[in-house]
Amino acid sequence: MSDEKSECEENAMPEIPAVSKEVLEWERFAEMDYVTANHLDKTLYPKQMEIICYHCQQCAEKYLKALTEHLGKEIEKTHDLGNLATTISETLEVPQSVLVSCAKLTQYGVKIRYPQEFEMSESHVKAALADMETVKAWCKGQIHKESEEYTEKTSQSRVVSFFWN
């Protein structure tokens, strides 16, 4: 048998790093809150601002827990997004924008569920939706970073092999 690799072996793509079922399940639940928050914001009149902000917080919380699971860390039973971000920061550098979004969203996890705890306005909803997007985008980027790098590398290798073969 020859030591040379066959053309098929040379052009074979490496396996995509797997994301665990648990992480995907956290993401699935986070997406339900994401879709709900956006749907309620766009379609419900009068707007139920408290529930929209609550779903924004829940989406961010579940994405942070998905990333925590992805990093192999124990998931804390908390609604405090700052605590979750602190756990993640033991392994990854958490951008300041994500930390600020976490701090702002945390208030909607518990206080908002009780009457007379909070004065709401449309600006709270807009800010909560934007903060949710910030946390979601960063967490998803970290979770699927290996997949994105894989896609980028395999796309580049396909272009190179196309031109050089």
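**Entry 1**

I use buried for under 20% relative accessible area, exposed for over 50% and partly exposed for values in between, with a 1.4 Å probe and protein chains only. The model is predicted, so I note that local features need pLDDT of at least 70, that side-chain atom pairs count only at pLDDT 80 or more, and that totals for chains, interfaces and linings use all residues. Residues are numbered from 1 along each chain as its sequence is written, and side-chain values use heavy atoms, with hydrogens and water left out.

I then asked which residue meets Arg 28 in a salt bridge. The partner is Glu 25, at 2.8 Å from N to O. For a salt bridge I require a side-chain nitrogen of Lys or Arg within 4 Å of a carboxyl oxygen of Asp or Glu. Glu 25 is partly exposed, at 36% relative accessible area. Glu 25 and Arg 28 are about one helical turn apart, because they are three residues apart in helix H2. Helices here are DSSP runs of H or I with at least four residues, strands are runs of E with at least two, and both are numbered from the N terminus.

Asp 41 is buried, with a relative accessible area of 16%, whereas Lys 47 is partly exposed at 26%.

Lys 47 also meets Glu 122 in a salt bridge, at 3.0 Å from N to O. This pair links distant parts of the chain: Lys 47 lies in the loop between H2 and H3, Glu 122 lies in helix H6 (residues 122-143), and the two are 75 residues apart. Glu 122 is partly exposed, at 32% relative accessibility. I recorded Asp 41, Lys 47 and Glu 122 as one network, joined by salt bridges that share partners.

In the loop between H2 and H3 I also located Pro 46. A cis peptide bond joins Tyr 45 and Pro 46, with omega of about -5°.

**Entry 1. Helix packing**

Two packed helices are described by the angle between their axes and the distance between the axes. I take axes as lines fitted to C-alpha atoms, for helices over the stretch in contact, with angles from 0 to 180 degrees between N-to-C directions. Angles under 35 degrees count as roughly parallel, over 145 as roughly antiparallel, 65 to 115 as roughly perpendicular, and the rest as oblique. A crossing is left-handed if the near helix is turned anticlockwise from the far one by less than a right angle, and right-handed if clockwise.

How do H2 and H3 run relative to each other, and at what angle do they cross? The axes of H2 (residues 21-43) and H3 (residues 49-70) come within 8 Å and cross at roughly 165°. The two helices are therefore roughly antiparallel. The contact of H2 with H3 has 13 nonpolar, four polar and eight charged residues. In this scheme Ala, Val, Leu, Ile, Met, Phe, Trp, Tyr, Cys and Pro are nonpolar, Asp, Glu, Lys and Arg are charged, and the others, Gly among them, are polar. H2 passes H3 in a left-handed crossing.

I next examined H3 with helix H4 (residues 81-89), which pack at an angle of about 20° with axes 10 Å apart. H3 is therefore roughly parallel to H4. The crossing of H3 past H4 is left-handed.

For helix H5 (residues 96-106) and H6, the axes come within 9 Å and cross at roughly 135°. H5 is therefore oblique to H6. Their crossing is left-handed.

**Entry 2. Cysteines and Glu 61**

How many disulfides does a search of the whole structure find? The search finds zero. The criterion is a pair of cysteine sulfur atoms within 2.5 Å. For Cys 56 the closest cysteine sulfur, in Cys 53, is 5.8 Å away, which is too far for a bond. Cys 56 is buried, at 0% relative accessible area. Cys 102 is likewise in no disulfide, with the nearest cysteine sulfur, that of Cys 139, 7.2 Å away. Cys 102 counts as buried at 0% relative accessibility.

Glu 61 is buried, with a relative accessible area of 4%. The C-alpha atoms of Glu 61 and Cys 102 are separated by 8.5 Å, although the residues are 41 apart along the chain.
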